[in-house]
Amino acid sequence: MDVWIVFTPILKVLLYLAGLAVVGTKLFDLHFSKFQTIDNVEYCNFLSKKSCLYGLIISVGMIFSIAGNLGGEFLSILDPIILELALTSKAGYAAIFALIGFILIGISTRHEIVSIKFLGWLGIGFVLLSFIYTGHSQKSGILAQILLLFHLICVAFWLGSFIPLYNMCSSANTSNLHVIAHRFGVLAIFYLVVLIISGGSFAYILMNDISLLFNTSYGNAFLIKMSLVSLLLLFGALNKFKNVPLIKNDPTVGSIQLKKSIRIEMLIAFLILSLTSILTTSMTLPMGG
């Protein structure tokens with residue numbers, strides 16, 4: 001069995017995790033920085049640095065994975081000619097964009113100068129570009145790429161906020177947890193509306209036939225992914241209407257319940273990203289789209 005058939009989807013999942021973590025943490029900080037404790041601000045900075053480091057390693061791994069797929073053998077990654085072909089392919093450019101993005105974000109996390117901080121947002125642009133530059137969206141035109149961009153930003157805010165919120169639930173200081181969790185729930189409504197509209201429109205452009213959801217393996221996998229997303233939405237509603245109000249009345253119990261819910265949500269999110277990786281690396285669009 002070709003080792004890259006296994007490695008490529010795994011690397012793609014890891015790249016999703018690193019990219020969404022760093023973009024989501026940046027958005028979390030943008031929305032909630034003035035409400036966070038000093039400890040959580042430092043944790044978010046630490047998370048960004050770690051995510052960038054992992055992202056750098058994974059991006060390089062993606063380049064070798066592309067070379068391995070092109071050469072068909074594991075040792076193909078050492079062939080200069082195949083590596084050059086990998087770097088000049090669309091997938092190679094996408095990996096390079098991600099690499100540049102993680103480097104810029106990493107630099108911005110180590111300096112407080114405003115002009116340096118701007119590099120972080122530029123880096124986020126490169127990371128997001130790496131996700132839309134290749135894959136099914138690239139084959140489906142500019143509208144599909146724009147929809148995917150909006151979809152990714154919303155996913156990053158939603159899933160990328162899990163870890164900072166989880167850390168706040170684990171902290172001894174939960175003074176601002178209710179305020180941030182409540183505001184997160186309010187903002188999440190807007191993000192989720194955009195996420196659903198952009199994701200649904202993107203899926204329609206890709207398949208252009210609802211029956212393909214039921215008659216093809218790609219459509220079946222997509223339905224499973226949507227079922228998991230629906231389950232994630234249910235947990236989000238549980239947090240908004242039960243766990244977050246509980247934090248205000250009983251901070252200790254409420255934070256424990258929210259922490260348990262987020263732990264399950266992170267597991268579901270991992271399954272969703274795993275399916276997304278399989279859909280984009282191991283499966284072709286129905287009808288040869």
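Author: Gladly! Let us start with a definition: a residue is called buried when its relative accessible area is under 20%, and exposed when that area is over 50%. Please keep in mind that this is a predicted model.

Reader: Why is S274 called buried?

Author: S274 is found in helix α12. Its relative accessibility is 18%, and the cut-off for buried is under 20%. S274 therefore counts as buried.

Reader: What makes L267 exposed?

Author: L267 also has its place in helix α12. Here the relative accessibility is 52%, to be set against the cut-off of over 50%. L267 therefore counts as exposed.

Reader: Which residues make the nonpolar surface patch with L267?

Author: The patch covers about 1100 Å² and is made by I5, V6, F7, I10, L14, L17, F74, L75, L78, L267, F270 and L271. Helix α1 (3-32) and helix α12 (251-281) each supply at least two of its residues. The largest share, 6 residues, comes from α1.

Reader: How do you know whether G92 is buried or exposed?

Author: Use the value again. G92 lies in helix α4 (residues 90-108), and its relative accessibility is 0%. Buried means under 20%, so G92 counts as buried. Leaving aside neighbours within four places in sequence, G92 is in contact with I66, A86 and L87. Its C-alpha is also 7.9 Å from that of M62, although G92 and M62 are 30 residues apart in sequence.

Reader: What makes α7 and α8 roughly parallel?

Author: Helix α7 (residues 142-160) and helix α8 (residues 162-170) pack at an angle of about 15°, and their axes are 5 Å apart. Angles under 35 degrees count as roughly parallel, and α7 and α8 are therefore described that way. Their contact is made by W158, L159 and G160 of α7 and by F162, I163 and P164 of α8.

Reader: Which residues of α8 are buried, and what do they pack against?

Author: The buried residues of α8 are F162, P164, L165, M168 and C169. They pack against α1, α2 (38-71), α7, α9 (177-207), α11 (217-249) and α12.

Terms used. Residues are numbered from 1 along each chain as its sequence is written. This is a predicted model: local features need pLDDT of at least 70, side-chain atom pairs count only at pLDDT 80 or more; totals for chains, interfaces and linings use all residues. Side-chain values use heavy atoms; hydrogens and water are left out. Patches are made of residues with over 30% relative accessible area and no salt bridge: like charges are joined within 9 Å, nonpolar side chains (Val, Leu, Ile, Met, Phe, Trp, Tyr) within 5 Å. Accessible areas come from the Shrake-Rupley method with a 1.4 Å probe; for residues, only the protein chains shown count as cover. A salt bridge is a side-chain nitrogen of Lys or Arg within 4 Å of a carboxyl oxygen of Asp or Glu. Helices (H or I, at least four residues) and strands (E, at least two) are DSSP runs, numbered from the N terminus. Buried means under 20% relative accessible area, exposed over 50%, partly exposed in between (1.4 Å probe, protein chains only). Axes are lines fitted to C-alpha atoms, for helices over the stretch in contact, and angles run from 0 to 180 degrees between N-to-C directions. Angles under 35 degrees count as roughly parallel, over 145 as roughly antiparallel, 65 to 115 as roughly perpendicular and the rest as oblique. Contact means heavy atoms within 4.5 Å.
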